[in-house]
Amino acid sequence: MSEIQSQYVKKILRGVGTAPVECGEAFAPSNIALCKYWGKRDPVLNLPVNSSLSVSLGKLGTRTAVRFADRNRIELNGKEVSPEDTFAVRILEFLQLFFPMIGNVHFDVRTANNIPTAAGLASSASGFAALVLALDNLMGWGLDRKQLSMLARLGSGSAARSVYDGFVCWHAGTRKDGRDSFAEPISSDWKEFRIGILEISKDWKPVSSRAGMKRTVETSELYRSWPRQAADDLEMLRLAIADKDFPMLGKTAENNALAMHATMLSAWPPLIYWQPETIAQIHRVHQVRSEGLDVYLTIDAGPNLKLLFTEETEKLVKSFFPGLQVICPID
Ligand code: PMV
């Protein structure tokens, strides 16, 4: 972890009082982007090229408890992970950013996901958001959501959005110091909105989204058109949410996701997160849509599909896609 990151954390925590407790505990929802974050303008502070818009997955996410301990101990889904494991290293390096404020301490971190870890279901988003929220509880800082979003962003970009429920916009910002790059909720009572998770594989993905976006930004000719498309899509999505215009939301989100995958396909070496079954299910969505069912899809840096539909068509969508895990994100 770099000096720049420590300084950034220090600035956010400047003037904040502490009242530590024995254990800090928190839950953060996973989130699915309808307008994707793809590409960094600053990899150290995790500053994105484009603003993004997501919807949080309600009760699906990560629960984390943090305590001070005699040695570092990281537990994932009930099993202790070796401190050398990349998962533990990422968590411990992140926590070290706070050492200038809290001293060189050891942590006991217990974290559990009720979503498949790193299969493109944004577990790093809920993971880092839950970690920051739990640490805030442990230290008794009482940070506001904007500050928490700016801290979670350092762990994983999309974690900036997981500090909120519902629809969320993460502003890319333009400042070099990252102080204007944080997420904000978009108020909506669109209770009929549904997301369905179509799990294709629980496998760990071969290329992290961090590495994938770096490769795409550096080598994909198509990436040049991405920032403009993302900006247009985000505006369309805002309008669609405000008007509860589902076809407009679905079309924009699906096109945005496939455009992101087009930039990946045109990277070198090419990045293909899809499995044969992913493509089969994309065709199936298109088939049932051509028959009149209002269902759309989105895909992140992984093989799984997320289907977008409304309460009205929920029964029918489920009958076409058995095993679909349906979420009502706006409760
Ligand atoms: O936050 P990261 O580094 O895991 O990147 C997330 C990238 C996508 O999931 C593909 C898009 C997004 O906005 O969530």
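Cys-328 has a relative accessibility of 31%, so this residue counts as partly exposed. The model is a predicted one.

**Cysteines**

- Cys-23 also counts as partly exposed, because its relative accessibility is 25% and the partly exposed class lies between the buried limit of 20% and the exposed limit of 50%.
- A disulfide is a covalent bond that links the sulfur atoms of two cysteines.
- The number of disulfides in the structure is zero.

**Ligand site**

- The ligand is surrounded by 14 residues, and the closest are Tyr-37, Ser-156, Ser-158, Arg-161 and Ser-209.
- Sorted by class, this shell contains six nonpolar, five polar and three charged residues.
- The side chain of Ser-158 has an N or O atom 2.6 Å from an oxygen atom of the ligand.
- Backbone atoms take part as well: a polar backbone atom of Tyr-37 is 2.8 Å from a ligand oxygen, and a polar backbone atom of Gly-157 is 3.4 Å from a ligand oxygen.
- On its own the ligand has 380 Å² of accessible area, and the protein covers 93% of that area.

**Ser-149 and helix α5**

- Helix α5 runs over residues 145-155 and includes Ser-149.
- Nine of the 11 residues of α5 are buried, so the helix is mostly covered.
- Among the buried residues of α5 are Leu-148, Ser-149, Met-150, Leu-151 and Ala-152.
- Ser-149 has a relative accessible area of 0%, which means that Ser-149 is buried.
- In an α-helix there are 3.6 residues a turn, so residues three or four places apart point the same way.
- Beyond its neighbours within four places in sequence, Ser-149 is in contact with Ala-160, Val-163, Phe-182 and Ala-183.
- With Ala-160, the side chain of Ser-149 reaches the backbone oxygen at 2.9 Å.

**Asp-108 and strand β7**

- Strand β7 spans residues 106-113, and Asp-108 is part of this strand.
- Asp-108 counts as buried because its relative accessibility is 8%, and buried means under 20%.
- Phe-68 is 40 residues from Asp-108 along the chain, yet the C-alpha atoms of the two are separated by 6.0 Å.
- Leaving out neighbours within four places in sequence, the contacts of Asp-108 are Ala-65, Val-66, Arg-67, Ala-69 and Arg-73.

Notes: Residues are numbered from 1 along each chain as its sequence is written. This is a predicted model: local features need pLDDT of at least 70, side-chain atom pairs count only at pLDDT 80 or more; totals for chains, interfaces and linings use all residues. Side-chain values use heavy atoms; hydrogens and water are left out. A disulfide is a pair of cysteine sulfur atoms within 2.5 Å. Buried means under 20% relative accessible area, exposed over 50%, partly exposed in between (1.4 Å probe, protein chains only). A residue is near a molecule or strand if one of its heavy atoms lies within 4 Å of it. A polar contact is a pair of N or O atoms within 3.5 Å; within protein, one must be able to donate a hydrogen and the other to accept it, and residues adjacent in sequence count only if both atoms are side-chain atoms. Accessible areas come from the Shrake-Rupley method with a 1.4 Å probe; for residues, only the protein chains shown count as cover. Ala, Val, Leu, Ile, Met, Phe, Trp, Tyr, Cys and Pro count as nonpolar, Asp, Glu, Lys and Arg as charged, and the others, Gly among them, as polar. Helices (H or I, at least four residues) and strands (E, at least two) are DSSP runs, numbered from the N terminus. Contact means heavy atoms within 4.5 Å.
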